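Let's take a walk through a protein model with more than one part to look at. Have the sequence and the 3D view open while you read.

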Amino acid sequence: MNNRMKTVFSALAENEAFARSAAAAFVMPLDPTVEELTEIKTAVSEAVSNSVIHGYSGWEDRSQAMVELECEINGNGRVTIIVSDHGRGIANVEKAMQPLFSTVESEERSGMGFTVMESFMDKLQVKSEEGKGTAVTMTKYLDLVSAL
Amino acid sequence: MEVMFRSSGNVLITLLRGDIDHHTASALRHTIDQSMKEFGCSDLVMDFSGVGFMDSAGIGVVLGRYKKMVKSGGRICISGCSPHVARLLEMAGVFSLVQQADTQRQAELMLQSAPQMTGEV
């Protein structure tokens, strides 16, 4: 069974909950464990938060600044999630991915977003171009022992 | 997201309920800081037993309160962490800075029994 979904929404903070719930609902047929589901929700929340906070920082009309969430699951328990935006992009991806790195010190950012995505998912790939946007691709292999 | 408050001496006990993400974190930190002032408390307990979801925004809230407490000479203790919340906080090294207890009651007692620090040098 291969299954795909794509949803596009405004870069508003309240949509972080929408995005992680949508991703969680979509992977349910794979019968994930509670822990796997929490990991996926957290990783999606981090990626979407990055687009909302950094990707579209200083954007005039946020309702027109769009974030895209794409999920794909296959019968082998592989979950692929892509979160992308058409915002500012990241100047130095390697630096941005370092634990505790944050560009906005004053607002109590932990700088742990990419570290969380990396440790909760099995694979993480970040493609970004300044002025064009960022796409984060995350893959996770679910344990299918209990799913029949 | 919902926060309930209780004060006991100098300790403000905050019971956090719901989801902590970037969206809810700003209201949460504002509510806690405001209540510390209103209750006239110097020390803070953050109880996570009612938290259903948390991402790294929660780490920011805890570290932010910790920094404020360091400045004011107050102390902070967190309690009721689920394995998920504990894993996130552990990842950022929060437990090397902030005390942890199993329950909010234990956290409260921990802060009350420890010697009081002063903000002056």
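Predicted model: local features only at pLDDT ≥ 70, side-chain atom pairs only at ≥ 80, totals over all residues.

## Ground rules

Residues are numbered from 1 along each chain as its sequence is written, chains are lettered from A and ligands numbered from 1 in the order in which they are written, and side-chain values use heavy atoms, with hydrogens and water left out.

## Where A meets B

Start with the contacts, meaning heavy atoms within 4.5 Å. On chain A, 24 residues touch 19 residues of chain B. Together the two chains bury about 1,700 Å², with 56% of it on carbon and sulfur atoms; buried area is the accessible area (1.4 Å probe) that two parts lose on being put together, summed over both. In chain A, the residues losing the most area to chain B are A:Arg20, A:Glu108 and A:Phe120, which together make up 31% of what that side buries.

There are also six salt bridges between chain A and chain B (a side-chain nitrogen of Lys or Arg within 4 Å of a carboxyl oxygen of Asp or Glu). One of the salt bridges pairs A:Arg20 with B:Asp21, and their closest N and O atoms are 2.8 Å apart. Which parts of chain A supply at least two residues each to the side that touches chain B? They are α1 (15–27), α2 (34–55) and α4 (113–120), where helices (H or I, at least four residues) and strands (E, at least two) are DSSP runs, numbered from the N terminus. The largest share, 10 residues, comes from α2(A).

## The sheet in chain B

Chain B has an open sheet of five strands in the order β1-β2-β3-β4-β5, with mixed pairing; two strands pair if DSSP finds at least two bridges between them.

Strand β4 (residues 76–79) of chain B runs parallel to β5(B), joined by three bridges. In β5(B), B:Ala101 is the bridge partner of B:Ser79.

## A link within chain A

Over all chains, the whole structure has 16 salt bridges. One of them joins A:Lys140 to A:Glu39, with the closest N and O atoms 2.7 Å apart. A:Lys140 sits in strand β5 (residues 133–141) of chain A and A:Glu39 in helix α2 of chain A, so the pair ties together parts that are 101 residues apart in sequence.
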